[in-house]
Amino acid sequence: MKGERKIESKSFGTSILYGLIFILAFAAVCSLIFAFILRFTSTREGSLQYVVTALSFIGLFGGGFLSGGKRKEKGWLIGGTTGLIYSFIVFLFQYLGFDHLFNAEQVIYHTCYTLIAMMGGILGVNIATNNKRHA
């Protein structure tokens with residue numbers, strides 16, 4: 001019984017790690033693309049605000065989806081945990097690096113990020129489970 005719990009918790013952590021790696025890699029690639037766009041075109045940063053927000057939601061959904069697909073159960077929990085850990089990492093960078101706390105707008109964004117990651121986790125579990133049943 002104890003061996004099963006150990007494997008379960010390792011799978012939980014590994015699933016979250018896969019999701020976080022996806023989110024951070026997706027964010028890095030998008031940041032690089034936007035940096036090139038801003039540097040080599042006349043586009044202003046303010047005009048990309050909604051595109052960046054949409055891509056953030058896509059990245060968090062993808063991270064939750066990957067976490068849920070790896071875990072294959074409790075998608076809401078694994079996706080939500082992935083979203084919360086991502087928000088905590090962003091908070092640490094902002095607080096330790098720039099000495100700023102989240103403002104009200106950022107709290108709303110990160111709450112939505114966590115909810116989107118939860119939805120991704122739920123969908124990831126359902127798609128991973130359905131594929132396994134048909135194969």
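The structure is a predicted model, in which local features need pLDDT of at least 70 and side-chain atom pairs count only at pLDDT 80 or more, while totals for chains, interfaces and linings use all residues. Residues are numbered from 1 along each chain as its sequence is written, and side-chain values use heavy atoms, with hydrogens and water left out.

Helices here are DSSP runs of H or I with at least four residues, numbered from the N terminus. Helix α3 has 24 residues and reaches 34 Å from its first C-alpha to its last, close to the expected 34 Å, where the expected span is 1.5 Å times one less than the number of residues. After α3 comes Asp-99, whose phi is positive, near 60 degrees.

Gln-94 is found in this helix, which covers residues 75-98. Gln-94 counts as buried because its relative accessibility is 14%, and the word buried is used for values under 20% relative accessible area, exposed for values over 50%, and partly exposed for those in between, with a 1.4 Å probe and protein chains only. Other buried residues of α3 include Gly-75, Ile-78 and Tyr-86.

The side chain of Gln-94 reaches the backbone oxygen of Leu-101 at 3.1 Å, and a polar contact of 3.1 Å joins it to the side chain of Gln-106. A polar contact is a pair of N or O atoms within 3.5 Å; within protein, one must be able to donate a hydrogen and the other to accept it, and residues adjacent in sequence count only if both atoms are side-chain atoms.

**Salt bridge and surface patch**

A salt bridge is a side-chain nitrogen of Lys or Arg within 4 Å of a carboxyl oxygen of Asp or Glu, and by this rule the count comes to 1. Glu-73 forms this salt bridge with Arg-71, the closest N and O atoms being 3.3 Å apart.

| Residue | Relative accessible area | State |
|---|---|---|
| Arg-71 | 10% | buried |
| Glu-73 | 36% | partly exposed |
| Leu-123 | 38% | partly exposed |

Helix α4 (residues 104-134) gives the most to the patch, with 4 residues.

Methods
Helices (H or I, at least four residues) and strands (E, at least two) are DSSP runs, numbered from the N terminus.
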